[in-house]
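Hi,

Here is the structure I promised to pass on to you. Have a look at it first, and then read my notes below.

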Amino acid sequence: MKYTEGPEIRDTKAPEGPIEERWEKRKFGAKLVNPANKRKLNVIVVGTGLAGGSAAATLGELGYNVKSFCYQDSPRRAHSIAAQGGINAAKNYRGDGDSIYRLFYDTVKGGDFRARESNVYRLAQVSVNIIDQAVAQGVPFAREYGGLLDTRSFGGAQVSRTFYARGQTGQQLLLGAYQALERQVAAGTVEMHTRHEMLDLIVSDGRARGVIVRDMVTGEIERHLADAVVLATGGYGNVFFLSTNAKGCNTTAIWRAHERGAYFANPCYTQIHPTCIPVSGEYQSKLTLMSESLRNDGRVWVPLRKNDERAPGDIPEDERDYYLERIYPSFGNLVPRDIASRAAKNVCDEGRGVGPGGLGVYLDFRDAINRLGRDAVEKKYGNLFEMYERITGENPYDVPMRIYPAVHYTMGGLWVDYDLQSTIPGLFVIGEANFSDHGANRLGASALMQGLADGYFVLPTTIGDYLANGPYGDVDEEAVAEAEIKVRNKIDRLLSVNGTRTPDSFHRELGKLMWDYCGMERTEESLRKALERIPELREEFWQNVKVSGTAEELNQVLEKAGRVADFFDLAELMCLDALVRTESCGGHFRAESQDADGEALRDDENFAHVSAWEHSTDGPVLHKEALEYEYVKMTQRSYK
Amino acid sequence: MNLTLRVWRQSGPSDKGRMVTYKVEDVSPDMSFLEMLDVLNEKLILEGDDPIAFDHDCREGICGMCGMVINGVAHGEQRATTTCQLHMRHFEDGAEITIEPWRAAPFPVVKDLVVDRSAFDRIIQAGGFVSVPAGSAPDAHSVPVRKEDADSAFDAATCIGCGACVAACPNGSASLFTAAKITHLSLLPQGQPERLSRAKAMVDQMDAEGFGGCTNTGECTAVCPKGIPLDTIAQMNSDYLKANAK
Ligand SMILES: Cc1cc2nc3c(=O)[nH]c(=O)nc-3n(C[C@H](O)[C@H](O)[C@H](O)COP(=O)(O)OP(=O)(O)OC[C@H]3O[C@@H](n4cnc5c(N)ncnc54)[C@H](O)[C@@H]3O)c2cc1C
Ligand code: SF4
Ligand code: FES
């Protein structure tokens, strides 16, 4: 695939000066909107997860006129609901040496020096307010007997800064945001549109001014206009078909915005989560994550010998390889996700994997049960153990769990500046849909933090600065009509192919290809192969897909087909981005770039930048944004 | 395994609907119930038939989107399990399985097994929240909560809003859902100022939506995938009475 290089991105709008003062400075500098004017300003928020739900609620409460959209039947069901482990905050309630600076430091380092310092510092600052906000809403976080909040440590961190609500932190946080949102619906500041899918962005006079959506029940194509548009549509991990994401997660909203001019940053950064239940068969529709908190007490091992067929209980201690504890003595089982995932892949590649197909490693609670007692383990992890048993039919109290890495989170997304504004004025992107805060690797419990930081605290301030210059006047009718026609044409085209393969069968094939060639390990050769194969498969899709039913009804096959079509285009860009980045960092492991110990080898000289891709009919244009590290010295990450 | 499915098909709200029989073969016991339906749907699409519409998203038992009545029981016979977490190993080879949508007047059928549960959102809109604006919250440690209260509040808060309780109730009551929400907030200090007005508004909205009254048959808790206990309803009723006495 051909690409060209465009001018560098120089201005990210982050204020200068000491890092602790930048956000205060930006807040003070942001223009204020007169309360009487807020009612006249319309904002569209697409997505009702932690990011979109909290943003829509807060904007409504501030007095803006908000329209909110999601594809589920209720905003409360957004994918954020599934987050299990917890949310970080630099509260230092434990007095174990945590601080805003330390959370900032850990996050920049954990992101393998591919995140922006200014953004991450702000995230750490705001993290403190998130917990206060959630508690005030009635989010039932875990508590100590003294009535204060409990915390735990979580993958990659040596301090106990993770707040949690059993294994259902995302659910409880989302319900908090959802309830705040419904309060605004009742107050008349937010108009909620459920079962509506955004299919295009309306850009008029160079500004984002609205969206084209499909009512998923009637099939009606609707236009909604506003002074600004916020995308909070989540991640695109489902490009791999099998992932821990909810089935409906997709790239459509951000991809269409990309086609309209929003740069797409670091598409190749995919987080692979180390503790998922392994694949069991061809029919499988998704992978289930086992919370990483399990690694606090569970020990990861494989047999020392290859192809050891013995039951785990029959393998004596000295024939087990607790490989994480062996290779990374100071972090042991708690090494960050990218490291744990690749280590699992390596032992399986050596032929020491367990379970069907040898694609699994043990996560063993035997020692924890002996040390803490079964009751204590059950109290801590009971619901996770139950979930495991439900899916696999095996009881993890008796036999160790089997786990394997799976696609989990996408660090890439639409490029945004410090204000969370994309390269299209008036288009803001928050939560997993943007690229901003995690770098090449996301540490545990930091996505929830980012989603809520963006939605409750950052966006409501920065969007005000943009809206202060509004209302933005009439929208160009031609721009609206053009977007609407484009959407209709795509739907018609999908329905008219009438071929012999289902959308899912294409999606599965694309996903397998991405996993094999652009998954946990990438090489120049594999990526070139993918770039050859994806266009062929896409061609076949458009020649041979079969979409049953009509456009004027609830049509789940049509919905899927549309999403798969966008995944093809995204997949291609992901592979190109991975190919161009000839270094290893975080979730992006290029086999050509590793040190003598097989650890990822970064190339800071050539790649300390964000790759922001511009869409163009002549092929993608690469813009680089240089990353500077003034506070955290760039060092090779080591967890040994 | 091979199965015979009897599935409720209804093309839209105005269609009368009917049961249709399908055979599915080579079902693996490791499949989830929804994956088994996926396999059938793939076949239906290729044969040019309309696949069976059903709601789902997380497939992890947490979003509350999936839900169907399986052999007469909401979410199927396995206790404390959502449909997406129900696996085929719990069925016998050769079994006949009946699949229907939630049936309740306030949950109109949209298509096949998909129903409209937006009435639940309106119950929340009536008062299922703490009125706290963003950015003004006090430090989280300024209000301690007894661990026992926090744990009970959590137990109630785990409701996923699936609607199985309504589908199972002979009166079509939404009491368990509403009570779970009310109980969650009424057990926490944050929820106290609006406690009674909240209970009143939510119960009144529930009635206005056309959900039936609760006669304590307990069918709801029996099917609830999150094991929301019946005593939340007692809690709700007591708050409601107090609110009306005021
Ligand atoms: C199993 C699991 C466990 C996790 N555990 C943790 C954890 O413990 N800690 C942590 O920090 N992170 C965790 N994560 C990651 C975290 O949950 C997500 O990154 C985060 O919730 C994303 O939030 P979001 O608001 O950006 O998007 P989402 O919650 O994905 O919301 C997306 C929204 O956009 C809507 N939408 C999407 N496309 C369209 C469209 N075209 N039109 C209309 N609407 C659309 C959807 O309806 C939805 O409302 C976990 C993730 C998974 C999968
Ligand atoms: S109370 Fe139980 S059955 Fe009813 S909506 Fe909540 S989780 Fe579902
Ligand atoms: S699909 Fe989410 S609970 Fe079943």
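Let's begin with ligand 2, which is surrounded by 13 residues. The closest of them are Cys159(B), Cys162(B), Gly163(B), Cys165(B) and Cys224(B). Please keep in mind that this is a predicted model. Two helices of chain B, α4 (164-168) and α5 (175-186), each give at least two residues to this shell. By type, the shell has eleven nonpolar residues, two polar ones and no charged ones.

Next, the domains of chain B.

How much area is buried between the two domains of chain B? It is about 870 Å², with carbon and sulfur atoms giving 54% of it. On the domain 1 side, Gly64(B), Ala74(B) and His75(B) supply 40% of the area buried against domain 2, more than any other three residues. One salt bridge is counted between the domains.

Finally, turn to chain A and find helix α7 (residues 252-259). Seven of its eight residues are buried, so the helix is mostly covered. Among the buried ones are Trp255(A), Arg256(A) and His258(A). Just after α7(A), Gly261(A) has a positive phi of about 125 degrees.

Enjoy exploring!

Key
Residues numbered from 1 in each chain as written. Chains lettered and ligands numbered in written order. Predicted model: local features only at pLDDT ≥ 70, side-chain atom pairs only at ≥ 80, totals over all residues. Heavy atoms only, no water. Buried < 20%, exposed > 50% of the residue type's maximum accessible area, 1.4 Å probe, protein only. Helix = DSSP H or I, 4+ residues; strand = E, 2+ residues; numbered from the N terminus. Near = heavy atom within 4 Å. Nonpolar A, V, L, I, M, F, W, Y, C, P; charged D, E, K, R; others polar. Buried area = accessible area lost by both parts, 1.4 Å probe. Salt bridge = Lys/Arg side-chain N within 4 Å of Asp/Glu carboxyl O.
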